[in-house]
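Trainee: Before we look at any single feature, could you take me through how to read a model like this one? I would like the general idea each time, and then the case at hand.

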Amino acid sequence: MEYYNQPAHEVLKQLITSEKGLTSPEAAKRLARDGKNILKEREKVSPFKLLLEQFNSPVVWILIGALIVSFIIGEKIDAVVIGTILILNAIIGFFQEYRAEREIEALKQLASHKAVVRRDGKESEIDASEVVPGDIVLLKEGDKVPADARVIKALQTQTQESMLTGESLPVMKTSQALSGDKEIAEQTNMLFSATEITRGKASAVVVRTGMNSEIGKIAKLIQETKKERTPLQEKLARMGGMLSVITIAICALVLLTGLLKGENFLEIFTISVALAVAAIPEGLPAVVTISLAVGVRKMLGKNALIRKLPSVETLGSTTVICSDKTGTLTYNEMTVKKIFANDKVIEVTGSGYNSTGGFSEDPTEFSLLLEIGAHCNDAKIEQKQCIGDPTEGSLIVTARKAGISTEELNKEFPRLNEIPFSSERKRMTTIHKIGEKYLAYMKGAPDIVLDLCSGYYSDKEISSLTEEGKEVILQSNREFSENALRVIGFGFKEIDDPMGFTEGDERDFVFVGLQAMIDPPREEVKTAISQCHEAGIKVVMITGDHEGTAVAIANQTGITGRSITGKKLEQLTDKGLEDVVEEIAVYARVNPEHKQKIVRALQNRGHVVAMTGDGVNDAPALKRADIGIAMGITGTDVSREASDMVLTDDNFRSIVSAVEEGRGVFDNIRKFFVFLLSGNIGEVATIFILILLGFPAPLTATQILLINLVTDGLPATALSVDPFEPGAMRRRPRRRDEGIQKGLSNYLVGYPLLMTMVAVTFFLVEFNHSGNIEKARTVGFLTIVFFELYQSFASRSTIFPSVEVGLFKNKALIGATLISFVVAGGAVYIPSMNKMFGTAPIGLTQFSTLLLVSSVGFIYLEISKKARSRKAGVKA
């Protein structure tokens, strides 16, 4: 049996302790046996190891190989340039990710530092780390619970457990044994480590400490959860592997061909290395990093703080968003939405703790109901924040909407006496002097309040409460409850002796009405969810709240699908959940293990999963998800440290904006990827064909580097900050295994083929005409440069013709192209640069001809994109 199923005296017996507590020697024995009440750390990742991880990429490995070979054969300029790129890229990546994962440290900060226990028959304050199973802990309002404990005595005790359960309302605690299996949120006779006592006092016996506590189990889950590679990291790894194979194959073929033809080994080896340098887009890692970093900056302006760079692109790949209900889809502010008074249902407008709003009927007709709600109340609303019970806070706000000030009421009609709320009584009564009369005001569960009433207040008159009248009230209560509203009943009674009023006098009250409240959905959420559906993204609600409340909010926000509770979820195997996970949209009463199970099932079905959360209980699932999203306002340190992204406004709408930004970033990565790679394919093909035909290499290694780093690198960097393509949120998400190159055959096949044909032709014509290898190389060099500068504009959109999305909208690209053009011209016409790059000046007519003819690549790409977009029926 669980501790919550057993009477308190049985738990004490089982733990071999008593209400007098342990003796000091016995406590010392247990401390030695069970260990300290602390959360154990895992091995930390050293900064040096984190730096080394920046080089763990196939593309980077190829560059390191090229650097070593370049240095060996004396191409020191190549080696220095490649080395500089590698170091800069590693530094950027290192500093972006040098935030050691501090989930366990954050959990430690939540732990109670001191605890009051009963030992040797007397109270003493000890370090919380020395608390052991069997200790009797004494707790009061404001204390943090030092360990998991079974309640022995509870005096109006309430705790805030949202960090564990996701449920925002305080939990009333009892010492009574519970029957059946209970989720954490339902274990009302248990106290949990690191939760807070918000009201009352309690004594409890410690049952679990350290890593055995509920918070310890979460710490263990965090440690055991490994972060998967992001879709972008997978795509770049696959692309790097592909480039490695192609590069080695081409180099080997050229080297073998040259040796068979009897050419000098060192010379043909140097050409092979030049070919490898031509094949690798050296600037790709750095430009990817820049693109992601720009995305991070732009997302911050949209209330999304990205903690890990690759997460920017992961957002764009997201196919399922698993969202918490409280505070993300809703305001996390209880709001009265309906009132029953004067035999009528009255609608209340407005949301949250803002007093803006009104009523469908004149509030002066039911002002007594609102006044009772304001009087019989311990909460405060300060700066639109509720201090105290959120249910009571909603009653204060509703009264304010009618112009009733709680502060003025309390000043004019102060509370003379009270009988507090308890989980057993399910009601609260306060006594006030109103004019010359003494009145008792009561609020509580509608059925309880009704049973204590004999009169009924309607249209400012009192009549007898009949059975028929009771049934009308109970029917309204049922209808409100069916719509997931929390319902409170109100009554009053005139009394003679305010100070002598006791619980036995709580009878023959006059029933006044009902107020029904809910934590309502945010106004913008329904539109955001509709956008998700249009973008092919499924939205799933995961909450610790009751199933009825969760389904009601889902219906109001447009989340469609089946609902399931945590208990039913436990009965499903992993495979069983995978079979039905596509149908389920609402998960209610779940615990941390359930959340991980849901994420795993979705990932096994091929989904890229974004998971939101704010509590400690959410941290393992946030870490397991492809993109973990923590709340910046209500979130705990633990959830933020386990996340990839933090919402600075806790709003679901910001997730949708971030997804749109992520898709735009990936589109830009595709733009510069295809721009860099297609140009390199053309370069490699040109060199390869001419070498096979027996001609000297048409480009020197320094010319190749100049093309790759300046005339390719600058426009590629400009494309990384390109304005996004239109209609990003009207497209289906990309599949996880979908390559960056999918649908780009016009860029990666047709265009390089055209470039190769033109470059080879111009090289051969010039070489055969002048016999001057430097002039022939200059012609080949300029042809490739001009092709790629034109292509940078054709790459402004890979879907639509660039002229349709605005050919000259990217000012950075215009500047980069002009600089590249000037550098290329300088390499040809400045004598000192001639020597450095092995070029020779050519006539202006020939220069202009190359410039004009090279535009055929741009024209081909624009025509092919127009034909494709027309066939697909899409417009910019």
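**Charge, core and a strand hairpin**

Mentor: Let us begin with charge: the chain carries 100 positive and 106 negative side chains, and the centres of the two sets lie 5 Å apart. Lys and Arg count as positive and Asp and Glu as negative, with His and the chain ends not counted, and each charge is placed at NZ of Lys, CZ of Arg, CG of Asp or CD of Glu. This is a predicted model, in which local features need pLDDT of at least 70 and side-chain atom pairs count only at pLDDT 80 or more, while totals for chains, interfaces and linings use all residues. Residues are numbered from 1 along each chain as its sequence is written, and side-chain values use heavy atoms, with hydrogens and water left out.

Trainee: What share of the residues in the chain is buried?

Mentor: Of the 876 residues, 58% are buried, where buried means under 20% relative accessible area with a 1.4 Å probe and protein chains only.

Trainee: Which residues touch the most other members of the largest nonpolar core?

Mentor: In soluble globular proteins, nonpolar side chains tend to be buried together. Here a nonpolar core is a set of buried Ala, Val, Leu, Ile, Met, Phe, Trp, Tyr and Cys residues joined through side-chain atoms within 4.5 Å. The largest one has 121 residues, among which Met645, Phe652 and Phe781 touch the most other members. Its largest share, 18 residues, comes from helix α26 (residues 652-692), helices being DSSP runs of H or I with at least four residues and strands runs of E with at least two, numbered from the N terminus. Leaving aside neighbours within four places in sequence, Phe652 has contacts (heavy atoms within 4.5 Å) that include Ile321, Leu329, Val525 and Cys532.

Trainee: And is strand β15 enclosed or open, and why?

Mentor: Strand β15 (residues 427-434) is largely enclosed by the rest of the structure, because six of its eight residues are buried.

Trainee: Which strands pair with β15, and in which sense?

Mentor: Two strands pair if DSSP finds at least two bridges between them. Strand β14 (residues 415-419) pairs with β15 in the antiparallel sense over four bridges, and Ile419 has Thr429 of β15 as its bridge partner. On pairing with strand β16 (residues 437-444), β15 is again antiparallel, over eight bridges, with Ile434 bridged to Lys437 of β16. The hairpin of β15 and β16 has two residues between the strands, and Gly435 takes a positive phi near 65° there.

Key:
Buried means under 20% relative accessible area, exposed over 50%, partly exposed in between (1.4 Å probe, protein chains only).
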